[in-house]
Amino acid sequence: MTAVPDAPVTLVTAAGSGMGEAIARRLHGEGHRLVLLSPGGGAAAVADELGCAAVTGDVTEPDDLRAMVDRATEQYGGVDNVVANTGHPPKGPLLEIPDEDWHAGLDLVLLHVVRLARLVVPSMRQRGGGSVVAISTFSAFEPSPSFPVSSVLRAGLGSFVKLFAREFAADGIRMNAVLPGFVDSYPETAETVAQIPAGRFGRTGEIADVVRFLVSDESTYLTGQNIPVDGGLTHAV
């Protein structure tokens, strides 16, 4: 589907491959006017194919995030939705992870969502509302020793989602997080599959379908939630 005037304007970060690319393609199919971001040429290539805008930049760089928001404002007049996706932070044995890796993880998985929220809330208020979707992980609330930095910092992201929702719900501005389990953009092993009650990895398209719902008018009463999409992997209540 080709984007049309007055269609939603949506930012998608880390959109050059994997879940980010799948989300961009799904929202393009719904007619969204997109601005994509990735540190390499992936987002630009996807944007060229889809006929949308792209910025080459890194989610850990505040100036790059501002450039993406500025591009949306200049080209489309503002921002309606943000999908804050990113890569994986550093890993390692818990007490052997150096301080610099914890700081890098903070920028990567938490502060980029905070910074984007600061940038887009004024536009969303002017446009009567909006939706921010943070792509998190199943281990945010069921910590995994395989992903220690991600588990710790994305638990903090889950709290930020709830605080943001309380602050801005009256403005019609929502924030939710999607907590994927293992999806097909991640290397699959029989040992990992055996942990998943559904008996398989998820598909990036399945994550994209949930995001599509969360940025649509079908979910306007849904905010402040951390939503597992993990094939039953998470056991926490």
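A nonpolar core is a set of buried Ala, Val, Leu, Ile, Met, Phe, Trp, Tyr and Cys residues joined through side-chain atoms within 4.5 Å. Buried means under 20% relative accessible area, exposed means over 50%, and partly exposed is in between, with a 1.4 Å probe and protein chains only.

## About the model

This is a predicted model, in which local features need pLDDT of at least 70 and side-chain atom pairs count only at pLDDT 80 or more, while totals for chains, interfaces and linings use all residues. Residues are numbered from 1 along each chain as its sequence is written, and side-chain values use heavy atoms, with hydrogens and water left out.

## The cores

Let us start inside. The largest nonpolar core has 40 residues, and those that touch the most other members are Leu-11, Val-35, Met-68, Val-79, Val-82 and Val-120. Helix H4 gives the most to this core, with 11 residues. Helices (H or I, at least four residues) and strands (E, at least two) are DSSP runs, numbered from the N terminus.

Another core lies apart from the largest one and has 24 residues, including Leu-34, Cys-52, Ile-207 and Leu-214. Which residues does Val-79 touch, not counting residues up to four places away in sequence? They are Val-9, Leu-11, Val-69, Ala-72, Val-120, Ser-123, Met-124 and Arg-127, where contact means heavy atoms within 4.5 Å.

## The sheet

Seven strands form an open sheet with parallel pairing, in the order S3-S2-S1-S4-S5-S6-S7. Two strands pair if DSSP finds at least two bridges between them. At the edges are S3 (53-56) and S7, each of which pairs on one side only. On average, neighbouring strands of this sheet are turned by 15 degrees against each other, direction ignored. For such values, axes are lines fitted to C-alpha atoms, for helices over the stretch in contact, and angles run from 0 to 180 degrees between N-to-C directions.

Strands S1 (residues 9-13) and S2 (residues 33-38) pair in the parallel sense over five bridges, and Thr-10 stands opposite Leu-34 in S2. Helix H1 (residues 18-29) packs on the sheet, where it touches S1, S2, S4, S5 and S6, and its direction makes about 165 degrees with that of S1. Helix H4 lies across S1, S4, S5 and S6 and runs at about 175 degrees to S4.

S2, helix H2 (residues 42-50) and S3 make a right-handed β-α-β unit. A crossover is right-handed if, with the strands pointing away from the viewer, the path from the first strand over the helix to the second runs clockwise.

In a regular strand the side chains alternate between the two faces of the sheet.

How many of the residues of S5 (residues 130-135) are buried? Six of its six residues are, and the strand is mostly covered. Gly-130, Val-132 and Ala-134 point one way from S5, while Ser-131, Val-133 and Ile-135 point the other way.

S5 pairs with S4 (residues 81-84) in the parallel sense over four bridges, and Ser-131 is the bridge partner of Asn-81. Together with helix H4 (residues 99-126), S4 and S5 make a right-handed β-α-β unit. S5 also pairs with S6 (residues 173-180), in the parallel sense over six bridges; here the bridge partner of Gly-130 is Ile-173. From S5 the chain crosses through helix H5 (residues 148-168) to S6, in a right-handed β-α-β crossover.

Ser-144 sits in the loop between S5 and H5 and counts as buried because its relative accessibility is 14%. Beyond its neighbours within four places in sequence, Ser-144 is in contact with Ser-139 and Ser-151.

Asn-226 has its place in strand S7, and its 17% relative accessibility is why Asn-226 counts as buried. Leaving aside neighbours within four places in sequence, its contacts are Phe-141, Gly-158, Val-161, Lys-162, Ala-177 and Leu-179. Thr-234 is in the segment after S7 (226-229), and a polar contact of 2.4 Å joins its side chain to that of Asp-230. A polar contact is a pair of N or O atoms within 3.5 Å; within protein, one must be able to donate a hydrogen and the other to accept it, and residues adjacent in sequence count only if both atoms are side-chain atoms.
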